[in-house]
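Let's walk through this structure together, one question at a time. Have a look at it first.

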Protein chains: 2
Amino acid sequence: MRRALNLAELGRGRTSPNPLVGAVVLDAAGVLVGEGFHARAGEAHAEVGALRQAGERAQGGTLVVTLEPCCHQGLTPPCTGAVLAAGINRVVVAMADPNPLVAGGGIARLRAAGVEVITGVAEAEARTLNRAFVNRIETGRPLGLLKWAMSLDGRTALPNGASQWISGPPARAWVHRLRAQGDAVIVGGGTVRSDDPLLSSRGQRIPEPLRVVLSRSLDLPERAQLWDTAVAPTLIAYGAKAPADGRKRLAAITEAHPDLQTLELPACTPTALLEALAQRGCNQVLWECGPELAAAAIREGCVQHLAAVIAPKLLGGTAARTPLGDLGFTALDQLPPWQAESPQRLGADLLWMLNRST
Amino acid sequence: MRRALNLAELGRGRTSPNPLVGAVVLDAAGVLVGEGFHARAGEAHAEVGALRQAGERAQGGTLVVTLEPCCHQGLTPPCTGAVLAAGINRVVVAMADPNPLVAGGGIARLRAAGVEVITGVAEAEARTLNRAFVNRIETGRPLGLLKWAMSLDGRTALPNGASQWISGPPARAWVHRLRAQGDAVIVGGGTVRSDDPLLSSRGQRIPEPLRVVLSRSLDLPERAQLWDTAVAPTLIAYGAKAPADGRKRLAAITEAHPDLQTLELPACTPTALLEALAQRGCNQVLWECGPELAAAAIREGCVQHLAAVIAPKLLGGTAARTPLGDLGFTALDQLPPWQAESPQRLGADLLWMLNRST
């Protein structure tokens, strides 16, 4: 199962809307004869790849797989059929598929056909592996990570707005890897105006994650790196109450950049955006936004993981930008608990990640 | 010398205005026959204690001492006399005494009397041990440490001012130990008004460090924990331009609390305060002040070491207090470099210390 989990990890960042899955096949004598992982939606599932590699040697053997084999026709045929056709005697599964189209149905189908099925092996590790997929299936929203870079005095810019670069090259390279693990990167209109970011994984994820701008006013600049969709796709989302002058500006921008996607949401809120992104198959999003949108995302429960990059610098400035706008607390005992991971050094900088306690 | 440095450390926080000093005596055969350290100003110097312990066995032996023996009459007689009287053949010294009253004179006196003197053994460690004393002698100002506790989003209070407690009990106990290492703890009038702190080492330093309030306006509360000098001494410092109504308030406070010390400075600045504290024998001070005074202390070069305690909490709030006021930078490449130490965990919190590069 350890090997299967490691195989599954190889698909990280590329399988959405599907989960990460890894599988190994042992022959009747227990010798490893096949392995596979799910590399991309629409391509072969992990079990099918492993069984193909094993060929006839799978006969009477064991399939070890990190997620319950599916029993429904999706973009590819159900895996349970392939398992039975290969003559597998025993299937070891880490966790049941939370997808309501499966949800134990695959295991039941195999058992009904006389296959021995062992479940719950390394289940916690398998759930962690697919925490984003599980989160989307269970809540209807992708898993949210919020990332910021600040000085040790808690500033994300100088009083005059200068912010490039607070963190050093190793931390910035780490952010590119972080982007490569998710399906979308979200900023607000203010970040586009002040920072004109590129928001790509610098080629570490193919395709690049969807770049999303959530803008209440649609007060967007005529030119921006994000409008160049040759680098990565970009979606501009706004609420039903977006003002007419903003819609006019947006129309001018999309006329000049016809590959830009736009989306009108019922409301210009983090929740409405995430629900729409979940429907588009996003399992995991990265919030790289300014303080007001970040605070709104936290208030609405759209952030499960937080990554703060802290530079050993002092920026100062009462007027300087800070990571978060108002969260609405009036007493320190109201603060919800976060679980802290061990801090890591990224070059000269420090990375500290917090996870929302569940 | 390692043993002598460890002995010196035992006096930490209690020797000011004097340095930390440790000494060991070996007899003619190289056997350890005496050890001593400087425990408190006015008490025996380390060499004298070690020589006393050795008695006649020091004859023809070696003295190993972390700082050049003094050659001047202070509160106690010159140590060079005691070394010669004991019949020591050889003296091993880590570093010369930067005090202009000594400054190599002790070593010269010993050599003139025919004693072999070896210098510079573990000199770097000895300078680090006494960095505060060396800083005061060389700059005329005590070494400055600045400490703050903040949430991971860089807030030192909620928008309504609530700030007790952001950090947890282990971090607060560490702050008590930090206070015990210095000679004075400094806050501004704003901190007295908003937090009413106690600022003691909770008995870990005897006597407690001097608690200093630096106030421009003397807009001080009638009642405050700091006014109770039974816990620790308190000094209220202000500038020559302090307003008349403030002076009147101060007079009322000192009438009610006659043991309070007051000090009019030429100007209400961190520099003027530190020069006055150096003259009072302070080698090391701890800044525990609010953002404006902290920023002024940094701008004036009164902070050599910075300790940020970061709690795994999010306070939020654009109006919430932050660690530092304006430092006057307009571009990120203007920022002076700080050397970062490895972060440490203090319970759930994180401690990250920076040292000003020299």
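Q: Which residue of chain A comes closest to the rotation axis?
A: Keep in mind that this is a predicted model, where local features need pLDDT of at least 70, side-chain atom pairs count only at pLDDT 80 or more, and totals for chains, interfaces and linings use all residues. Residues are numbered from 1 along each chain as its sequence is written, while chains are lettered from A and ligands numbered from 1 in the order in which they are written. Going by C-alpha, the distance to the axis is 1.9 Å, and the residue is G154(A).

Q: What rotation superposes chain A on chain B?
A: Copies are superposed by least squares on the C-alpha atoms of residues with pLDDT of at least 70 in both. The shift along the axis is 0.1 Å and the RMSD is 0.1 Å, with a rotation of 180°. The two copies are thus related as by a two-fold rotation axis.

Q: How many residues of chain A take part in the contact with chain B?
A: Two residues are in contact if their C-beta atoms, placed from the backbone, lie within 7 Å. Chain B gives 40 residues, and chain A gives 40 residues.

Q: How many residues on the side of chain A that touches chain B are nonpolar?
A: Ala, Val, Leu, Ile, Met, Phe, Trp, Tyr, Cys and Pro count as nonpolar, Asp, Glu, Lys and Arg as charged, and the others, Gly among them, as polar. On this side, eight residues are polar and four are charged, while the nonpolar ones number 28.

Q: In what sense do strand 4 and strand 5 of chain A pair?
A: Within this pair, V93(A) stands opposite T119(A) in strand 5 of chain A. Strand 4 (residues 90-95) of chain A joins strand 5 of chain A over four bridges, and the sense is parallel.

Definitions and conventions. Two strands pair if DSSP finds at least two bridges between them. Helices (H or I, at least four residues) and strands (E, at least two) are DSSP runs, numbered from the N terminus.
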